[in-house]
Amino acid sequence: NDVALGPYRHYMQKEIFEQPRAIADTLEGVAGITPSIFGADAESVFRKVNRILILGCGTSFYAGLTAKYWLEAIAGIPCDVEIASEYRYRVSVPHEDQLVVCISQSGETSDTLSALEHAKSLGMHMTLAICNVATSALVHNTKLHYITRAGAEIGVASTKAFTTQLAALYLMTLVFAKMRGRLTPEDEVTRLASLRHVPAAIQSVLALEPQIMGFADIFASKQNALFLGRGIHYPVALEGALKLKEISYIHAEAYPAGELKHGPLALVDSSMPVVTVAPNDRLLEKLKANMAEVSARGGELYVFADAGSSIDPSDRMHVIRLPENYGDLSPLLYVVALQLLAYHTAIVRGTDVDKPRNLAKSVTVE
Ligand code: G6P
């Protein structure tokens with residue numbers, strides 16, 4: 001084990017730091033935006049697709065939630081995202097022209113496999129898996145596939161599987177955008193180049209580890225934490241809260257910041273740390289208004305921003321700045337910072353980071 005861990009203390013830390021490599025490997029062999037990235041039959045299948053349904057559990061579900069923002073904004077294709085365990089038991093309206101996309105690191109999650117069978121039983125036979133294990137049941141049971149190349153993920157809390165899923169989902173978005181006439185040749189070049197630059201951009205987020213450890217020292221003594229984001233950074237906030245609760249056992253909740261007034265603001269006092277994901281995007285001013293509501297209640301803010309985010313640090317407003325603004329791809333960077341926050345908070349608390357209590361890496365029973 002020690003050999004496999006190299007310089008790292010835990011698999012989770014190793015896997016967080018492997019993300020530049022994992023994403024580069026996942027993108028290897030992608031020369032341009034073409035449906036065949038998803039299999040030889042993908043073009044004929046994708047031509048019949050007018051809407052997308054994404055199914056998954058846990059972190060994989062949050063990858064799907066992130067992708068919904070891309071698919072609708074960039075490709076203009078309607079997208080629903082459902083928790084597999086809910087979808088399989090609810091009476092829903094099937095659509096024959098819907099592509100069912102199942103996301104799973106392991107490809108063995110019982111609820112995801114059953115949700116896929118449920119979709120098929122409703123007559124939806126255009127199916128695609130985004131999965132890290134080529135030999136899994138999920139890949140076996142779907143028509144089209146994208147195999148992420150994260151490599152074996154051992155830490156129970158998913159990290160590199162998530163960011164490689166996002167890379168695959170972004171490619172899928174670009175394929176649909178191109179097929180629907182929404183991607184000019186120049187856009188294709190620019191967007192693919194930004195995607196290829198993600199590994200280097202993540203490297204510079206990893207370099208923020210010492211600063212993030214400073215936040216973690218404070219978080220370790222907290223009982224609760226609130227994570228806020230808006231737009232595509234709301235799923236990032238959800239994933240950040242999930243990571244923190246899973247491995248540090250601190251109660252963490254995520255909210256779309258605009259919902260603050262509809263409930264969570266009641267929880268805010270001087271002992272509640274509030275994490276915000278605050279890149280300089282078109283929602284930043286809205287988010288800052290929400291942050292002011294937190295400050296007015298004595299809440300302490302821990303802000304992940306970028307160089308262009310006009311946010312002034314103060315006594316109760318701590319800011320870590322990511323080096324680049326990454327536009328549509330920024331979830332892949334901010335989530336890495338939140339993974340590190342959860343990891344180091346758990347380290348300070350002395351929990352079993354790679355094997356958190358009560359949780360399993362792959363939930364193969366219902
Ligand atoms: C478990 C793991 C999570 C994972 C989820 C879905 O809860 O602890 O890290 O996100 O299962 O797993 P999957 O293999 O389907 O992505």
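A residue counts as buried if 20 or more other C-beta atoms lie within 10 Å of its own, as exposed if 12 or fewer do, and as partly exposed in between, with C-beta atoms placed from the backbone. With that in hand, here are some notes on the structure.

1. First, the ground rules. This is a predicted model, in which local features need pLDDT of at least 70, side-chain atom pairs count only at pLDDT 80 or more, and totals for chains, interfaces and linings use all residues. Residues are numbered from 1 along each chain as its sequence is written.

2. Let's begin with Leu183, which sits in the loop between helix H9 (160–179) and helix H10 (185–206). Helices here are DSSP runs (H or I, at least four residues), numbered from the N terminus. Leu183 has 22 C-beta neighbours inside 10 Å, so it counts as buried. Apart from neighbours within four places in sequence, Leu183 is in contact (C-beta atoms, placed from the backbone, within 7 Å) with Ile33, Leu174, Ala177, Lys178 and Glu188. Lys14 is 169 residues from Leu183 along the chain, and their C-alpha atoms are separated by 36 Å.

3. The axes of H9 and H10 come within 11 Å and cross at roughly 175 degrees; axes are lines fitted to C-alpha atoms, for helices over the stretch in contact, and angles run from 0 to 180 degrees between N-to-C directions. H9 and H10 are therefore roughly antiparallel, a label for angles over 145 degrees. Ala167, Tyr170, Leu174 and Lys178 of H9 meet Glu188, Arg191, Leu195 and Val198 of H10. By class, this contact has five nonpolar, no polar and three charged residues. Nonpolar means Ala, Val, Leu, Ile, Met, Phe, Trp, Tyr, Cys and Pro, charged means Asp, Glu, Lys and Arg, and the others, Gly among them, are polar.

4. H9 also packs against H5, at an angle of about 25 degrees and with the axes 9 Å apart. That makes H5 and H9 roughly parallel, the term for angles under 35 degrees. The residues in contact include Ala63, Trp70 and Ile74 of H5 and Phe162, Leu169 and Phe176 of H9. By class, the contact of H5 with H9 has 12 nonpolar, five polar and no charged residues.

5. Finally, the ligand. It is surrounded by 16 residues, the closest being Gly58, Thr59, Ser104, Ser106 and Thr109; a residue is near a molecule if its C-beta atom, placed from the backbone, lies within 6 Å of it. Helix H5 (residues 58–75) gives the most to this shell, with three residues. By class, the shell has five nonpolar, 10 polar and one charged residues.

Key. Helices (H or I, at least four residues) and strands (E, at least two) are DSSP runs, numbered from the N terminus. Two residues are in contact if their C-beta atoms, placed from the backbone, lie within 7 Å. Angles under 35 degrees count as roughly parallel, over 145 as roughly antiparallel, 65 to 115 as roughly perpendicular and the rest as oblique.
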